[in-house]
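Biologist: I've got a new model open and I'd like to go through it with you. Can we start with how the helices sit against each other?

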Amino acid sequence: KEFIQFILHAEPEKPVLVLLTHSSYPNDCAYHQVYCFDRITGTRLTNAQILDLCGVTQAEFEAGAADASERCFRSIYPDTMGDDALWQEQLEWTRSAENVNADMMMYPDENGKLMLLSPIGSLAGASYYEHSYPFAA
């Protein structure tokens, strides 16, 4: 099962087209890609440009991205599981620089808010599943 989501920003100061692809496979895995384009120039935006567009500085991103991935993890696996070694290991992996960094997938949502898309550690099935989640709480 595959689909493409289009997010079109109509504001003249934010002429952005976002293509978010989703591909599902029989083994219950889904993979995503995000492409953000300036509709006027036709060029693909860099992550630095996306952060600027969303009003997030590099320092704010570096300080908050791991926390955002942790919020996503905790929304899937509640704190009541916090004593479990696998839970702790997957949370640490989810927050790690391997997953949360300036090269990760990101895009502005329909309201111009920064969304992140990254692997979130799993306690069952695959070792991780990709999730999209807001940068800000």
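Predicted model: local features only at pLDDT ≥ 70, side-chain atom pairs only at ≥ 80, totals over all residues.

Biologist: What is the handedness of the crossing of H2 and H3?

Modeller: Let's take the residues that meet before the handedness. On the H2 side there are Ala66, Asp67, Ser69, Glu70, Phe73 and Arg74, and they meet Trp87, Gln90, Leu91, Thr94 and Arg95 in H3. By class, that contact has four nonpolar, three polar and four charged residues. As for the crossing of H2 and H3, it is right-handed.

Biologist: Which residues do the salt bridges that share partners join into one network?

Modeller: Follow the shared partners. Arg95 bridges to Glu70, and because Arg95 lies in H3 and Glu70 in H2, that pair ties together parts 25 residues apart in sequence. Arg74 and Glu70 are both in H2, four residues apart, so about one helical turn separates them. Salt bridges with shared partners make one network of Asp67, Glu70, Arg74 and Arg95.

Biologist: Is Glu70 buried or exposed?

Modeller: The cut-off for buried is under 20% relative accessible area. Arg74, at 30%, is partly exposed, and so is Asp67, at 36%. Glu70 has a relative accessible area of 17%, so it counts as buried.

Biologist: Now for a loop. Which residue has its backbone oxygen 2.5 Å from a polar side-chain atom of Ser122?

Modeller: Ser122 is in the loop between strand E5 (114-121) and strand E6 (128-134). With a relative accessible area of 5%, Ser122 is buried. Leaving out residues up to four places away in sequence, Ser122 touches Tyr77, Gln90, Ser127, Tyr128 and Tyr129. The backbone oxygen at 2.5 Å belongs to Ala124.

Biologist: Last one: which residues is Glu60 in contact with, leaving aside neighbours within four places in sequence?

Modeller: Back to helix H2, where Glu60 lies. Its relative accessibility is 43%, so Glu60 is partly exposed. With those neighbours set aside, Glu60 is in contact with Gly55 and Phe135.

Note on methods: Residues numbered from 1 in each chain as written. Heavy atoms only, no water. Left-handed = near helix turned anticlockwise from the far one by under 90°. Helix = DSSP H or I, 4+ residues; strand = E, 2+ residues; numbered from the N terminus. Contact = heavy atoms within 4.5 Å. Nonpolar A, V, L, I, M, F, W, Y, C, P; charged D, E, K, R; others polar. Buried < 20%, exposed > 50% of the residue type's maximum accessible area, 1.4 Å probe, protein only. Polar contact = N/O pair within 3.5 Å; in protein donor to acceptor, adjacent residues only side chain to side chain. Salt bridge = Lys/Arg side-chain N within 4 Å of Asp/Glu carboxyl O.
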